[in-house]
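Subject: Structure handover and notes

Dear colleague,

Please find below the structure I promised to pass on to you. My notes on it follow directly after.

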Amino acid sequence: MASVALPENGSLPDGSSGKRAWSPWQKWGVILLAPYIVVFLVLVLYPVGYGLWLARHPASYVKLVEDPIFGRSVINTIAFLVVAINIKMAVALALSGFFTTARTWIKWLSVLFILPWAVPSIPTILSFRFMLNPEWGIINSLIFRYTGLDGPNWLNDPILALSLAMVVHVWKSLPFWTLILIAGRLAIPQEHYEAASVDGATRWQRFRFITWPAIRTLYLTCTILSMIWTLGDFNSVYLLTGGGPADLTHVLATLGIRYLRLDQVDLAMAAIVIALPGILPLIYFMMKRLSR
């Protein structure tokens with residue numbers, strides 16, 4: 001078979017070039033993606049890259065580890081993750097069963113229940129801080145009015161202050177995870193529960209053999225995702241205790257803010273980067289479970 005030679009300018013015999021022209025949909029796709037790409041480069045990629053560049057010196061990590069506040073912050077972070085997240089997810093699982101009950105007053109109650117998550121974090125957490133003030137806070141005022149005793153100094157005891165920060169964190173984020181688990185429960189076919197009721201299954205047996213197998217993956221995924229978000233959450237601790245007293249309630253997220261206030265940017269970036277070995281395995285495990 002004889003081969004056809006193309007002209008020297010690379011065009012086809014009909015005068016068109018060999019390159020495929022973009023369709024209007026492809027052009028619009030590029031136009032609509034361009035703002036997102038610019039925002040991603042400016043607000044995500046550049047800050048992350050610059051932060052890693054600032055934290056590149058090994059001496060910063062040596063200085064960070066030698067700081068006694070860092071060791072206490074690591075312990076506080078682990079305690080926050082283990083205690084607060086497990087309590088939050090267990091309560092969310094129980095409440096998701098309560099709010100799926102078909103009663104009118106429960107539906108109205110669910111509207112009030114979602115308010116802590118819907119309102120902004122800063123004014124709500126600062127309100128808790130004002131209420132816990134030992135001198136003129138409403139909680140100690142009520143204690144003195146009805147008992148004649150002075151209330152505790154809530155935020156000046158490290159263990160008590162960190163525990164209250166956990167309570168605020170659970171109170172603020174509990175409605176969101178409850179809604180996620182409610183959606184998981186509502187996706188279970190009602191016929192399964194009807195068949196179990198006919199067979200005489202108890203409420204616990206219906207949960208064990210129907211509800212939990214259906215939402216187990218969702219529950220574990222939400223737990224891991226909550227751990228990732230909590231590692232980067234500084235509002236609950238910073239707005240309530242400010243890291244005090246004596247910098248004993250800091251977690252890794254607030255420790256970076258402390259170093260920034262002390263104009264130690266390298267230590268602030270190192271405190272953030274050092275949390276990555278804990279975050280990356282959680283992300284990998286979560287994506288692996290989702291891929292199943």
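Which residues form one aromatic cluster together with Trp117? In this predicted model, the cluster is made up of Trp117, Phe176, Trp177 and Trp229. Across the model the count of aromatic pairs comes to 15. For Trp117 and Phe176 the ring centres are 5.4 Å apart and the planes stand at 35°, so the pair is classed as tilted, since it falls between the limits of 30 degrees for stacked and 60 for edge-to-face. This pair links distant parts of the chain, with Trp117 in helix α5 (residues 115-118) and Phe176 in helix α8, 59 residues apart. Trp117 counts as partly exposed because its relative accessibility is 38%, and Phe176, with a relative accessible area of 21%, is partly exposed as well; the cut-off for buried is under 20%.

Two helix pairs may be of interest to you. The axes of α3 and α10 come within 10 Å and cross at roughly 145°, and the crossing is right-handed. On the α3 side the contact is made by Thr77, Phe80, Leu81, Ile85, Lys88, Met89, Ala90 and Leu93, while α10 contributes Phe207, Trp212, Ile215, Tyr219, Cys222, Thr223, Ser226, Met227, Thr230 and Leu231. Sorted by class, this contact of α3 with α10 has 13 nonpolar, four polar and one charged residues.

The other pair is helix α6 (residues 121-131) with helix α8 (residues 158-186), packed at an angle of about 140° with the axes 11 Å apart. Here too α6 passes α8 in a right-handed crossing, and the residues that make the contact are Ser121, Thr124, Ile125 and Phe128 of α6 with Val168, Trp171 and Lys172 of α8. By class, the contact of α6 with α8 has four nonpolar, two polar and one charged residues.

Finally, two individual residues. Ser60 has its place in helix α2 (residues 58-66) and is buried, because its relative accessible area is 4%, which is under the 20% limit. Apart from neighbours within four places in sequence, Ser60 is in contact with Asp266, Leu267 and Ala270. Val42, which lies in helix α1 (residues 24-54), counts as partly exposed because its relative accessibility is 49%, where exposed would require over 50%. From C-alpha to C-alpha, Val42 and Glu135 are 46 Å apart in space, and they are 93 residues apart in sequence.

Key:
Residues numbered from 1 in each chain as written. Predicted model: local features only at pLDDT ≥ 70, side-chain atom pairs only at ≥ 80, totals over all residues. Heavy atoms only, no water. Axes fitted to C-alpha atoms, helices over the stretch in contact; angles between N-to-C directions. Helix = DSSP H or I, 4+ residues; strand = E, 2+ residues; numbered from the N terminus. Left-handed = near helix turned anticlockwise from the far one by under 90°. Contact = heavy atoms within 4.5 Å. Nonpolar A, V, L, I, M, F, W, Y, C, P; charged D, E, K, R; others polar. Buried < 20%, exposed > 50% of the residue type's maximum accessible area, 1.4 Å probe, protein only. Phe/Tyr/Trp six-rings, centres within 6.5 Å; stacked < 30°, edge-to-face > 60°.
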